[in-house]
Amino acid sequence: MEATVEELSEAYQEFVASAAAVVEARGQSGGEKTAATDAALEAFKQRWELFRVACDHAEELVESIRQRIGSECLVDEATGASSSSSPSNPSSAALAAPGIKPISAVRLEQMSKAVRWLVIELQHGAGGASAAGAGGGSGAAAAASGAGGQHGHGGVDARFPEDGAQ
């Protein structure tokens, strides 16, 4: 993370220096277009692109960390690890619904994948939905029955082997 911050800082400093060089070149040429102003503008354009790339890289890193933290919190909450790992936080115990057993992290990941596939199928439009209605889209139907957990086979989804153990 430090390397990303340093990369971003360096790219910003070079971008600002190239902007100053453009202003200086324009001032020296009296506002006329010269080879020096063209070169300064080209350097400015390159530094701008490098700065944007550094910003994109930093944004990707932040998003990756945000997703990882979110996933870890979700797994902790689902497995009950958050209530036992932070006794000083009484609100985490209150978040767990009474009567609902924690699930394993593996099960949570499998359910998450099933939901993601359902979302992808739904985003692809009516073609997937009509195929599911006609019996051709068994993936969507199976995912839908697994998501509800109450259709078809008593809440046991064949894609999740540990369902049978519960």
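## Packing of α1 against α2

In this predicted model, helix α1 spans residues 2–29 and helix α2 spans residues 35–79. The axes of the two helices come within 8 Å and cross at roughly 160°. Angles over 145 degrees count as roughly antiparallel, and α1 and α2 are therefore roughly antiparallel to each other. Their crossing is left-handed. Sorted by class, the residues in the contact of α1 with α2 comprise 20 nonpolar, five polar and four charged.

## Buried residues and geometry of α1

The buried positions of α1 are Thr 4, Ala 11, Phe 15, Ser 18, Val 22, Ala 25 and Ser 29. These buried residues pack against α2.

The length of α1 agrees with expectation, because its 28 residues should span 40 Å at 1.5 Å a residue and its end C-alpha atoms are 40 Å apart. After α1 comes Gly 30, with a positive phi near 70°.

## The chain as a whole

The secondary structure of the chain consists of seven helices and zero strands. Read from the N terminus, the order of elements is α-α-α-α-α-α-α.

The chain has 166 residues, of which 16% count as buried. Where contacting residues of the chain lie at least 6 apart in sequence, 55% of the contacts join residues at least 24 apart.

Conventions:
Residues numbered from 1 in each chain as written. Predicted model: local features only at pLDDT ≥ 70, side-chain atom pairs only at ≥ 80, totals over all residues. Heavy atoms only, no water. Axes fitted to C-alpha atoms, helices over the stretch in contact; angles between N-to-C directions. Helix = DSSP H or I, 4+ residues; strand = E, 2+ residues; numbered from the N terminus. Parallel < 35°, antiparallel > 145°, perpendicular 65-115°, else oblique. Left-handed = near helix turned anticlockwise from the far one by under 90°. Nonpolar A, V, L, I, M, F, W, Y, C, P; charged D, E, K, R; others polar. Expected span 1.5 Å × (residues − 1). Buried < 20%, exposed > 50% of the residue type's maximum accessible area, 1.4 Å probe, protein only. Contact = heavy atoms within 4.5 Å.
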